[in-house]
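The exercises below are to be worked with the sequence and the coordinates open. Each task is followed by a solution in steps.

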Amino acid sequence: SHAKEILHCLKEKYFKELQDLQVDGQKVEMPQALSWYPEELAWHTNLSRKILRKSPELEKFHQFLVSETECGNISRQEAVSMIPPLLLNVSPHHKILDMCAAPGSKTAQLIEMLHADMNVSFPKGFVIANDVDNKRCYLLVHQAKRLNSPCIMVVNHDASSIPNLQIDVDGRKEILFYDRILCDVPCSGDGTMRKNIDVWKKWTTQNSLQLHGLQLRIATRGVEQLAEGGRMVYSTCSLNPIENEAVIASLLEKSQGALELADVSSELPGLKRMPGITKWKVMLKDGQWLEEWKDVPSNRQTQIRPTMFPVKDEEKLKAMNLERCLRILPHHQNTGGFFVAVLIKKSPMPWNKRQPKIHQKLPQTGDSEVSTVNSDNGCECVTGEPALAENEDSKETQELQNLDTEQSKKERVCGPPPSKKMKLFGFKEDPFVFLPEDDPLFLPIQKFYALDPSFPKMNLLTRTQEGKKRQLYMVSKELRNVLLNNSEKMKVINTGIKVWSRNSDGEQFGCAFRLAQEGIYTLYPFIHARIINVCIDDVKILLTQENPFLSKFSSETQKKVKDMAMGSIVLKYDPDPGKPGDLQCPIVLCGWQGKTSLRAFVPKNERLHYLRMMGVEVFKAKRKEEESESKKEEEVQHRLAQTEEGMDVEDKEHDLVIKMEAEVGEESSHSPVESSTMETENEDLDQSSKNADSHIIQENKNIDTINVKN
């Protein structure tokens, strides 16, 4: 909801300051809006990362970009990578699967589209973002968390065999089919050669030959899980037809008319594109070209597959409409190279013809059929009859599994799948435990904040089964349904948005939980008490001062606070249309009312965001802040030097460790700013996994040092 304000701020302030700027004797090129991206919400700059980071003249602009990126108000990615989510045509009620989601820039776009109407706290749709790499899943969580949505779940599976999920519909189990699927598959990355030097060194003809089979399996699994009438976008950052048109042609051929390529020529006007190609050859490692499958030497027939070659039958080829695919060439509009195809599912896949019956009347045929559809994992040779015969044999095992699922559902626990069924790699995740309806924990919260009777308390969850519950998270009703019915099948990495945190000081005032800023926009519509409406000057005081006295606020605010008990509060700013010079979007902040003071509990980057939107110059404020911090540090070191003389060796060593940790802590408070400038959308696999590893190490380091500080 703040996008328009940020755009206004960019145009009126930051871009104007860049107008006559020179760096190293060269005039700075003005950022340009991408003509094909709706509502001027995407901009392109030719400034290199080095210049942006190192130039003192651009420091202010750089700081703005970094800070707003951390808040989730800006995402920085390759321009062409923004195309697939736009072509999915997402609506807030759509159930979406992102099959190969890390590092998460496209997932962030999908979440943004779900929340098109900010007045709806819980859209009916959701995004399930999957990645096969456990470490990259945490990078994905980091990206998605910035958007504070209760409608996102991050899971860790092999996309080519991602399980069928079940949901409860009016008391009966049904297979979950997705309305939209984003299938941005692993690829050779040859389209990124302008920015990715590694491609020049590592590219061989083998890359695409090795990836073709995996790409086809992932795409096949995707269309199997697509609902009829649903849309799937297949994309790669490669221009090799073996990874692109060959995969699409093979998929269309074996779908026997169940799939068709959508004509998207009228969508995204302004985007320069080339049509898909219908003729290509396959090259062997030694440079030999092959035109047909029959030309492949017998010793190469395991590496070169028939699906890699173009379709020979002219009629079939014409019916496929391969020219409807999009090829984005780098020199046309100064971008990377990219391939996109939009598929629409008209009927079930031929090997899943019996699926609708299972889908509609699951209890009569037995839950075991769900696992059968899952077990074929995209193998087109499995038909309905053998699948049913197989069911008879596995009925007993399946009934036992169903009992387990029912049991976990009763306990409202969605834990990680048992290790016997699936080898799990990576970190062991805590379970997701939903609050029981009669949980005594919730009553004081409900009373203290006067929550609306319509508040969906069933959707509250914690990450602990025993001991004190420290944080309360919230998911949408639809994601709760998915979580409870699939605890045995999924490895869930993260879901839910933090809405309350335990605060021991609050217990004496009637509620042990204070509001969390991450979830305040989701919670606010349900809260009817402890709301203080503040004017813009009050907001400025709250965001610039750490713990201001009540006497500093307007008389109206002071009156409202007088009658209110101490504890967690909501601070709401409503824009005044009569004052167009003031901030014109509403702000909701979490705060704490003390005896004589009022403070806001808002993360640093979010504070800076709101102050920028109000026209307050935060750049200088940050400089002063750093100076005062360094002064404090000098004083601490001076004291340490004085006391160190009287210490014995052991104490000295111990103190040195603490001191080193404190220094690391200081570094880490700036390091997220540095690490966030890393362009997360790097389509080359080797490079992106290196980025992910370094990013995760950095993140873990930050977490450790924050714990030391606490």
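A residue is called buried under 20% relative accessible area, exposed over 50%, and partly exposed in between. The model used here is predicted.

**Exercise 1.** Classify Glu-17 by accessibility, then describe its salt bridge with Lys-60.

Solution. 
1. Glu-17 has a relative accessibility of 38%.
2. The side chains of Lys-60 and Glu-17 form a salt bridge with an N to O distance of 3.2 Å.
3. Glu-17 belongs to helix α1 and Lys-60 to helix α3 (residues 59-71), so the bridge ties together parts 43 residues apart in sequence.
4. The pair is also part of a salt-bridge network that links Lys-13, Glu-17, Lys-60 and Glu-617.

**Exercise 2.** Examine the salt bridge between Lys-16 and Glu-12, and then the one between Asp-574 and Lys-572.

Solution. 
1. In the bridge between Lys-16 and Glu-12, the N to O distance is 3.1 Å.
2. Both residues sit in helix α1 (residues 3-18); because they are 4 residues apart there, about one helical turn separates them.
3. Lys-16 is partly exposed at 47%, and Glu-12 is partly exposed at 42%.
4. For Asp-574 and Lys-572, the closest N and O atoms are 2.8 Å apart.
5. Here Asp-574 is partly exposed at 40%, whereas Lys-572 is buried at 9%.
6. The count of salt bridges in the model comes to 23.

**Exercise 3.** Locate Asn-244 and list the partners of its side chain.

Solution. 
1. Asn-244 lies in the loop that runs between β11 (226-236) and α9 (245-255).
2. Its relative accessible area is 0%, so Asn-244 is buried.
3. The Asn-244 side chain has a polar contact of 2.7 Å with the side chain of Thr-236.
4. Beyond four places in sequence, the contacts of Asn-244 include Tyr-234, Leu-239, Arg-327 and Phe-339.

**Exercise 4.** Describe the largest nonpolar core and the surroundings of Ile-128.

Solution. 
1. The general background is that nonpolar side chains in soluble globular proteins tend to be buried together.
2. The largest nonpolar core holds 94 residues, and Trp-36, Ile-128 and Ile-248 have the most contacts inside it.
3. Strand β17 (residues 338-345) gives the most to this core, namely 6 residues.
4. At least three residues of the core come from each of domain 1 (2-76) and domain 2 (79-100 + 159-278 + 315-345).
5. Leaving out residues up to four places away in sequence, Ile-128 touches several residues, among them Ile-96, Leu-97, Met-153, Leu-176 and Val-482.
6. A second, separate core has 43 residues, including Leu-58, Phe-61, Ile-532 and Met-613.

**Exercise 5.** Which positions does the UniProt "binding site" annotation cover, and are Ala-102 and Ser-105 buried or exposed?

Solution. 
1. According to the unreviewed UniProt entry, the annotation covers Cys-100, Ala-101, Ala-102, Pro-103, Gly-104, Ser-105, Lys-106, Asp-131, Asp-158 and Asp-184.
2. Ala-102 is in the loop between β5 (95-98) and α5 (105-114), and Ser-105 is in helix α5.
3. Ala-102 is buried at 8%, and Ser-105 is buried at 3%.
4. Not counting residues up to four places away in sequence, Ala-102 touches Asn-130, Asp-131, Arg-136 and Leu-140.

Conventions
Residues numbered from 1 in each chain as written. Predicted model: local features only at pLDDT ≥ 70, side-chain atom pairs only at ≥ 80, totals over all residues. Heavy atoms only, no water. Helix = DSSP H or I, 4+ residues; strand = E, 2+ residues; numbered from the N terminus. Buried < 20%, exposed > 50% of the residue type's maximum accessible area, 1.4 Å probe, protein only. Polar contact = N/O pair within 3.5 Å; in protein donor to acceptor, adjacent residues only side chain to side chain. Contact = heavy atoms within 4.5 Å. Core = buried A, V, L, I, M, F, W, Y, C linked by side-chain atoms within 4.5 Å. Domains from an automatic or database assignment. Salt bridge = Lys/Arg side-chain N within 4 Å of Asp/Glu carboxyl O. UniProt positions renumbered as here; feature names shortened; annotations may be inferred.
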